[in-house]
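Reader: I'm new to this one, so could you walk me through its open spaces and its ligand?

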Amino acid sequence: MNESKIYVSKDAKEFHIMGKDFSYVFYILKNGQLGHLYYGKRLNPSNIYSQKAYYETYGNTCTVFENDESFSLDIIPQEYPSYGTSDYRQPAIEVIQEDGSHITDFKYDSYTIYEGKKQLYKLPSTFVHKDKDSITLEIKLKDYIINATLILSYTLFKESDVLVRSSKIINNGNKDLQIKRLLSMSIDFKSSNYEMLTLTGSWTRERHIQTYPLHKGLQSTSSTRGTSSTAFNPFFALKDNLANEHTGEVYGFNLIYSGNHIGQVEVDTFLQARVQQGINYFNFSFLLKKGDELESPESILVYSCNGLNKMSQKFHKFYLNHLIPPKWANCARPILVNNWEATYFDFNEDKILELAGLSKKIGAELFVLDDGWFGKRNNDKTSLGDWYCNLDKIPSGLKGLSEKICNMGLDFGIWIEPEMISKESELFKKYPNWVLQFKNRKLTTGRNQYVLDLSNPAVVKHIYETISDLIIKTEYISYIKWDFNRTLTEVGSLSFEPKHQQEIAHRYVMGMYELYSLLTKKFPHILIEGCAAGGGRFDSGILAYSPQIWTSDNTDAIERLKIQYGTSICYPISSMGAHVSTTPNHQLNRLTSLKTRGDVAVFGVLGYELDLTSLPDSELECIKKQIKWYKEHRKLILEGTFYRLKSPFDGVNGNTAWSVVSEDKNNALVGYYKVLENTTHLPPNLKIYGLKPDKIYHLIGTNLTFDGLELENLGIEINSNLLSKLALIEDFKGDFKSIILEFKAK
Ligand code: GLA
């Protein structure tokens, strides 16, 4: 088998990036720009494919050369296209020049290949552990008229089989350049015979899977909200029409960015598909003066010829190995109790200590004090920005309270929302100019709060110092829930001149990353859980600092099936905060058993968010058992290979199944969730993937054994016989029921 590496043709005109499962080929066109040749299943790297590239002549097209009717950029697949010289499709780059022209002509200049990978300057990036695990190709292109350099970077992560792309433009000339668009990647596929899969939603309905066939014209997943958003996640995939979870070709793309993003596919009149991803060009413009440069975020490209599960597994492993901070990637994340749904704003020190005492009793490891502990915050109208303890509520202060909790044998964590400011706050009185705004325009509120102007370095510095001070003085903080409860409006900054105002949305995101980076560097022992009114900023940018993210404010177990299932399309199980809450559920009023709530939440980073003081001893005992079980299986769940087996988005009853399999394939856990009972249905039959075909597995709690081949092809029937062996006949009757099966190799 050919080695995963980057092959360059002898004449240095064709570049072939070859991973374990894929080939990615591009070449230099005769006009000096780059042409795209192929992205898909592996090709033979000793062939030169561009030699066979042939361009048909079509009527009514504009062409680059007077004597060549066939060379029209409107048809030729390109690697990083621009608008204005015969290509009428979406460009990857757009530069407005002082003379008003948008035209660019970036011609190939040179290439370099090196082991390892560079980090981006102001944006989070994927990283390598050892240089030889990856290889980077940089292509330098030049536009001599505007005197600018464009660098396209491609890093192949050999073991993960992932390609990471990004681009950078440098203004070498004396004239200003306005960068209107600098996408992270662009690929022209010859065919558009694919379905587009996007993750869409809203508050409490995050990352539902949406799939539709590509159609002629432009289709996209994007955000203009200043954040990656619940509406459309930065991830999207293209899959062949027959691909499913286990078979078929799938191309996944995710952007490491937490602001306005766009992933778009333009199917042209010849039914070719241009696939692109990057910072959203809507309301974006970045001024580059002589010597300035602008870098795009990284775009992660994952190819699978074995369906969606394989694509997701590659993303999961890649994120754990090359994006999430190594200290947290594969560590046993603490089982937490959070007081939010237990008390909301209505608590005092005694109540918190009582909750913490019970948290210790049930076996939790971390107690999290949520919103309401600071300033005068007894509701959501006040005090964001005033990060000092409310002594009326907590007379011992944060240090005293946290010390008491740590003395109980628990870790201690707090909630903050550092990017926000309440109108009713000391901070706002002092620094009204520190809010994102345009002079003379009324400020729009969201949850009664404004957004701090993180494009202004002075604001970032102030928040950094305030939060650092809080952490240092409190001494016992080992976890922070970093919230962000509204999207951006009036995205302008009083600290920048008018000509820079269209940079502010991007500068905000860079300021936010700077804050994350400063705090995580100073306090590497603190585990940060990202949050944004639930899962409103669940993206790869945040994962670069925060290994787990609160998945959704919807804690209903049945709704969580869809949310966790959809999130797993790209993000690892260990990144999803998943809590057991009370019944009836606060968001939906739905009644579910403690078993079902636990069986859903254990496929994530487990937590409890309900008033433990109101529970009968029998339920506390049951929670204690759940926690004990989770501790025994935590490594397998958080580090195992995740398989989606049955989708809540298919079928009429929403029944769902998923599994995790250990690296050595000796252990597996399968979660099956019966959402709606049915009088006539046959017992569900589950096919369990990823085990060793000829190994014998014991179904724990029964005397049954199966071999791996049988489990994958014939499957296992959840019938009355099996349920009675597991003593679950009664428990499994009716709606909203669940079962976890555990297999161990003999
Ligand atoms: C957001 C979070 C919740 C909780 C509240 C507190 O909505 O998603 O989990 O922390 O804020 O105000």
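**Around the ligand**

Author: Let's begin at the ligand: one of its oxygen atoms sits 2.6 Å from an N or O atom in the side chain of Asp 371, a polar contact (a pair of N or O atoms within 3.5 Å; within protein, one must be able to donate a hydrogen and the other to accept it, and residues adjacent in sequence count only if both atoms are side-chain atoms). Keep in mind that this is a predicted model, where local features need pLDDT of at least 70, side-chain atom pairs count only at pLDDT 80 or more, and totals for chains, interfaces and linings use all residues. Residues are numbered from 1 along each chain as its sequence is written, and side-chain values use heavy atoms, with hydrogens and water left out.

Reader: At what distance is an oxygen atom of the ligand from an N or O atom in the side chain of Asp 553?

Author: Lys 481 also has a side-chain N or O atom by a ligand oxygen, at 2.7 Å. For the side chain of Asp 553, the distance to a ligand oxygen is 2.5 Å.

Reader: How much of the ligand's accessible area does the protein cover?

Author: On its own, the ligand has 310 Å² of accessible area, worked out by the Shrake-Rupley method with a 1.4 Å probe (for residues, only the protein chains shown count as cover).

Reader: How many charged residues are in the shell around the ligand?

Author: There are 13 residues around the ligand, with Asp 370, Asp 371, Lys 481, Gly 534 and Asp 553 coming nearest; being near takes a heavy atom within 4 Å. Ala, Val, Leu, Ile, Met, Phe, Trp, Tyr, Cys and Pro count as nonpolar, Asp, Glu, Lys and Arg as charged, and the others, Gly among them, as polar. The shell has 5 nonpolar and 2 polar residues, and its charged residues number 6.

Reader: Which element gives the largest share of the lining of the largest pocket?

Author: That pocket has a volume of about 1200 Å³; a pocket is an open set of points on a 1 Å grid over the protein atoms alone, with protein on both sides within 12 Å along at least five of seven lines, while a cavity is a set where a 1.4 Å probe fits but cannot get out, and lining residues have an atom within 4 Å of a point. Of its 46 lining residues, Tyr 121, Lys 122, Leu 123, Glu 514 and Ser 517 are closest to the centre. Helices (H or I, at least four residues) and strands (E, at least two) are DSSP runs, numbered from the N terminus. With 10 residues, the largest share comes from α8.

Reader: How many charged residues line the second largest pocket?

Author: This pocket holds about 950 Å³ of space, and α1 gives the largest share of its lining, 9 residues. The lining also includes 7 nonpolar and 15 polar residues, and the charged ones number 16.

Reader: How much space lies in the largest cavity?

Author: The whole structure has 8 cavities of 30 Å³ or more. Gln 33, Leu 34, Tyr 80, Phe 106 and Leu 141 lie nearest the centre of the largest cavity. Its space is about 110 Å³.

Reader: Is Gln 564 buried or exposed?

Author: Gln 564 belongs to helix α10, and its side chain reaches the backbone oxygen of Val 600 at 3.3 Å. Buried means under 20% relative accessible area, exposed over 50%, partly exposed in between (1.4 Å probe, protein chains only). Gln 564 has a relative accessible area of 2%, so it is buried.

Technical notes. Grid points are joined across faces, edges and corners, and a volume is the space filled by probe spheres set on the points.
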